[in-house]
Amino acid sequence: MKIHEYQAKELFKKYGIPIPRGNVAFTVAEAKAIGADLGTFPVVVKAQIHAGGRGKGGGVKLAKDRDQVEEYAKQILGMNLVTHQTGPEGRVVKKLLVEEGLPIEKELYLSVLPDRGTAKIVFMASEAGGMDIEEVAAKTPEKIIKVYIDPILGMKGFHANELAFGLNLKPELIKQFNAMVFALYKVCVDYDCSLVEINPLVITSDNRVIALDAKINFDDNALYRHKDIIEYRDLDEEDPFEIEASKFELNYIKMPGGNIGNMVNGAGLAMATMDLIQQAGAAPANFLDVGGGASAEQVENGFRIILADPAVKGVLINIFGGILRCDRLANGVVEAAKKVGIKVPVVIRMEGTNVEQGREILDKSGLNLITAKDVSDAAQKIAAIAKG
Ligand code: GDP
Ligand code: MN
């Protein structure tokens, strides 16, 4: 799960990680009031969306006086902000973070996350922080240093020092920097984060180390033990189909640009199916794993969600009946088809437990469903149909 910068900063504050003074605003009037309360200028007006790259997209502005705070708040609130992370469709800005502008001497990059390869917690840091970190990672990866921490042993002083030295910090900054990285490590572990990132982490001209930006992603599988984080969820920032799917515990992810809906049981089979669709010359419109033990109701809801997507020009159902028996699947598909009505071609490939009963249910349904003899055949058929 993702949260907004202002929410991540709220968590930082609880852990004693220095952040700029500021507050969240939902209207231009609120933004103006916060700007005035800060008592200093410049004031930074920042779009709050679940995507980075806002600065380059025009979603972060430095206001030199009250009038400019109002001007930028009007400009950014409600704008459709397009960044390299939002995709070309962009994201409508519904909240602003209004903060004191700081005198920046240097912009650093700092993040902490679990590293699956080593089963450790890794800190990544770079002197070349700021808006071009992606380019730094691609062109000069040696400018990013990594410090690995065994979670059983925990973080020690030498880990923090290694980061501080790696960043060439002035000696007078090391104490506050080290306190900050210890707190960040704690945030990451306490909340089961999949990423905690500060870009930029700034050194101010008066020698303070401050988190100017804040991004935290959480492991969804651990959210049940963080009720306070679930409250941060912002449905405005999520895909409506994905929200609907999460109500039925379906693993659904919308794939922008695709036209073939697909419903599969098992994540591996779903990935393979998406590859086959691609190979056949079409593009998947979604990932949907209905799960090994899906009920007829889940199948029905999955199918309904796929069919509701206007981008879908054809559907491929690929099920290997194991725990989810083929007759149950067939019933779910037929029920959903009757309720929603199918306006696009549907190709079904199924194998496994009770496959004969399943085929019989589909045949007797009177619905126009195309059966395939195997997975490749199914992918070829749906791709050919989608091409028209
Ligand atoms: P992002 O582009 O979505 O990552 O948004 P950031 O919060 O990182 O802001 C983008 C850039 O705006 C930063 O890299 C800074 O250069 C600039 N910026 C943000 N806040 C301030 C500030 O308080 N003072 C100054 N001078 N620049 C700022
Ligand atoms: Mn940033």
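How many Å separate a backbone N or O atom of asparagine 199 from an oxygen atom of ligand 1? The separation is 3.1 Å, which falls under the term polar contact (a pair of N or O atoms within 3.5 Å; within protein, one must be able to donate a hydrogen and the other to accept it, and residues adjacent in sequence count only if both atoms are side-chain atoms).

## Basis of the report

This is a predicted model, in which local features need pLDDT of at least 70 and side-chain atom pairs count only at pLDDT 80 or more, while totals for chains, interfaces and linings use all residues. Residues are numbered from 1 along each chain as its sequence is written, chains are lettered from A and ligands numbered from 1 in the order in which they are written, and side-chain values use heavy atoms, with hydrogens and water left out.

## Around ligand 1

In the side chain of lysine 46, an N or O atom is 2.5 Å from an oxygen atom of ligand 1, and for the side chain of glutamate 107 the corresponding value is 2.6 Å.

## The second largest pocket

A pocket is an open set of points on a 1 Å grid over the protein atoms alone, where a 1.4 Å probe fits, with protein on both sides within 12 Å along at least five of seven lines; its lining residues have an atom within 4 Å of a point. The second largest pocket holds about 900 Å³ of space, a volume being the space filled by probe spheres set on the points.

Of the 41 residues that line this second largest pocket, Arg54, Met131, Asn199, Pro200 and Asp213 lie nearest its centre. Elements giving two or more residues to this lining include the strand β2 (43–47), the helix α3 (54–57) and the strand β10 (193–204), where helices (H or I, at least four residues) and strands (E, at least two) are DSSP runs numbered from the N terminus. At least three lining residues come from each of domain 1 (1–20 + 102–238) and domain 2 (21–101), with bounds from an automatic or database domain assignment.

## The largest pocket

In the largest pocket there is about 1300 Å³ of space. Its lining has 30 residues, and Glu237, Glu238, Asp239, Glu242 and Tyr252 lie nearest the centre; two or more residues each come from β5 (91–92), α9 (240–247) and β13 (251–254).

## Glutamate 356

Glutamate 356 belongs to helix α13 (residues 355–364), and it counts as exposed because its relative accessibility is 53%, where exposed means over 50% (1.4 Å probe, protein chains only).

Notes
Buried means under 20% relative accessible area, exposed over 50%, partly exposed in between (1.4 Å probe, protein chains only).
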